[in-house]
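The sequence and structure are shown first.

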Amino acid sequence: MSSPLKNVIIVGAAGRLVTSILATFDADLNFNISILSRKSSKSVFPARLVVHRFSDEYPEDELLEALKGQDAAIKAGVKRFVPSEFGSDTRNEKGMEIIPQYFKHKLDTVEYLKGKEMEGLTWSAFVTAIIYNEGKDAYSTTTIASIGTALKNKLLHPEETANKHLFISSFHVSQNQILASLKRTTGKKWDVTYVDAEEQKKIGMEKMAKGDFSGAMGLIRYTNSVKGHGGYYAGYEEMSNELLGVQGEDLDEVVREIVKG
């Protein structure tokens with residue numbers, strides 16, 4: 001049986017998701033945490049953590065020293081690489097057709113990692129009110145805190161989580177269920193606009209074709225909200241919640257915390 005993975009380097013660690021992941025790892029004494037950040041970054045990290053600063057040109061010698069980068073990671077002997085997935089099922093062909101600018105580089109990264117498995121590298125990829133159509137189709141979604149928990153616990157189960165997509169979810173909900181929760185938790189009446197999903201897809205794709213990446217968010221909403229595009233992966237994939245210690249959450253409690261800010 002493989003030993004748990006303990007030495008973890010987090011790239012960036014400044015965004016909302018990664019900040020939560022950093023806090024989850026930092027609170028667990030089983031792990032030795034360090035940060036990899038560009039020299040031009042203004043981000044500030046806890047003084048107790050080792051921070052590796054590297055040039056914006058990504059020189060390989062600096063990356064090798066800090067154990068970052070796919071080739072660099074392999075040469076430096078890194079055992080597990082976690083690509084930036086944390087969202088929709090990027091393997092879904094319908095989703096890829098709609099927004100290749102978003103999905104393709106993620107899928108290409110995973111394919112690259114698969115090609116390096118024979119060199120000893122393992123990987124794991126996590127798949128984490130305008131209402132489209134009638135708002136009835138369910139999709140899988142995960143809170144930021146649960147993503148951090150799953151990522152941390154994955155390293156305690158290196159064999160079971162190696163070289164695969166890991167599907168987790170805090171709950172499976174529809175847009176209507178989220179709207180109902182907002183009404184309950186805020187006590188307010190919400191003005192709701194129902195839009196045609198296909199029309200929103202058309203608008204998003206036209207924007208993307210012109211280089212206007214503001215269209216990406218609408219397309220991501222489409223792949224999540226319209227059945228068959230990879231948003232409701234609980235309907236066809238084995239979930240890893242139990243293995244990774246991800247508990248089901250109460251929608252109203254989560255929405256209440258989000259509303260509070």
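## Aromatic pairs

In this predicted model, phenylalanine 25 and phenylalanine 31 are both buried. The count of aromatic pairs comes to 2. In one of them, the ring centres of phenylalanine 25 and phenylalanine 31 lie 5.1 Å apart with the planes at 85 degrees, so this pair is classed as edge-to-face; the class applies to angles over 60 degrees.

Phenylalanine 167 and tyrosine 233 also form an aromatic pair, with 5.2 Å from centre to centre and 55 degrees between the planes, and this pair is tilted. Distant parts of the chain are linked by the pair, since its members stand 66 residues apart. Phenylalanine 167 belongs to strand β8 (residues 164-167), whereas tyrosine 233 sits in the loop between α10 (215-225) and α11 (241-244). Both phenylalanine 167 and tyrosine 233 are buried.

## The largest nonpolar core

The largest nonpolar core comprises 20 residues. Those with the most contacts inside it are Val8, Ile10, Leu22, Phe25, Ile33, Phe126 and Leu244. Two or more residues are contributed by each of β1 (7-11), α1 (16-26), β2 (32-38) and α6 (144-154). At least three residues of this core come from each of domain 1 (7-129) and domain 2 (132-260).

Which strand holds isoleucine 33? Isoleucine 33 lies in β2. Its relative accessible area is 10%, so isoleucine 33 counts as buried, the limit for that class being under 20%. Isoleucine 33 and valine 8 are separated by 25 residues in sequence, yet their C-alpha atoms are 5.0 Å apart in space.

## The second largest pocket

The second largest pocket holds about 170 Å³ of space. Its lining consists of Arg91, Glu160, Lys164, His165, Leu166, Phe167, Glu237, Glu238, Met239, Ser240 and Leu243. Strand β8 supplies the largest share of this lining, with 4 residues. By residue class, the lining divides into 5 charged, 4 nonpolar and 2 polar residues.

Asparagine 163 is located in the loop between α7 (158-161) and β8. The phi angle of asparagine 163 is near 55 degrees, a positive value in a residue other than glycine. Is asparagine 163 buried, partly exposed or exposed? With a relative accessible area of 28%, asparagine 163 is partly exposed.

Methionine 96 is placed in helix α4 (residues 93-98). The relative accessible area of methionine 96 is 18%, and this residue is therefore buried, because the class requires a value under 20%. Between methionine 96 and leucine 107 there are 9.3 Å from C-alpha to C-alpha, for a sequence separation of 11 residues.

Proline 100 is part of helix α5 (residues 100-115). Proline 100 has a relative accessibility of 32% and so counts as partly exposed.

## An exposed loop residue

Where is glutamate 57 found? Glutamate 57 occupies the loop between β3 (50-54) and α2 (60-66). The relative accessible area of glutamate 57 is 65%, so this residue is exposed; values over 50% fall in that class.

Glutamate 57 and arginine 38 are 19 residues apart along the chain, and a distance of 9.2 Å separates their C-alpha atoms.

How values were computed: Residues are numbered from 1 along each chain as its sequence is written. This is a predicted model: local features need pLDDT of at least 70, side-chain atom pairs count only at pLDDT 80 or more; totals for chains, interfaces and linings use all residues. Side-chain values use heavy atoms; hydrogens and water are left out. Rings of Phe, Tyr and Trp (its six-membered ring) pair if their centres lie within 6.5 Å; planes under 30 degrees apart count as stacked, over 60 as edge-to-face and the rest as tilted. Buried means under 20% relative accessible area, exposed over 50%, partly exposed in between (1.4 Å probe, protein chains only). On a 1 Å grid over the protein atoms alone, a cavity is a set of points where a 1.4 Å probe fits but cannot get out, and a pocket is an open set with protein on both sides within 12 Å along at least five of seven lines; lining residues have an atom within 4 Å of a point. Grid points are joined across faces, edges and corners, and a volume is the space filled by probe spheres set on the points. Ala, Val, Leu, Ile, Met, Phe, Trp, Tyr, Cys and Pro count as nonpolar, Asp, Glu, Lys and Arg as charged, and the others, Gly among them, as polar. A nonpolar core is a set of buried Ala, Val, Leu, Ile, Met, Phe, Trp, Tyr and Cys residues joined through side-chain atoms within 4.5 Å. Domain bounds come from an automatic or database domain assignment.
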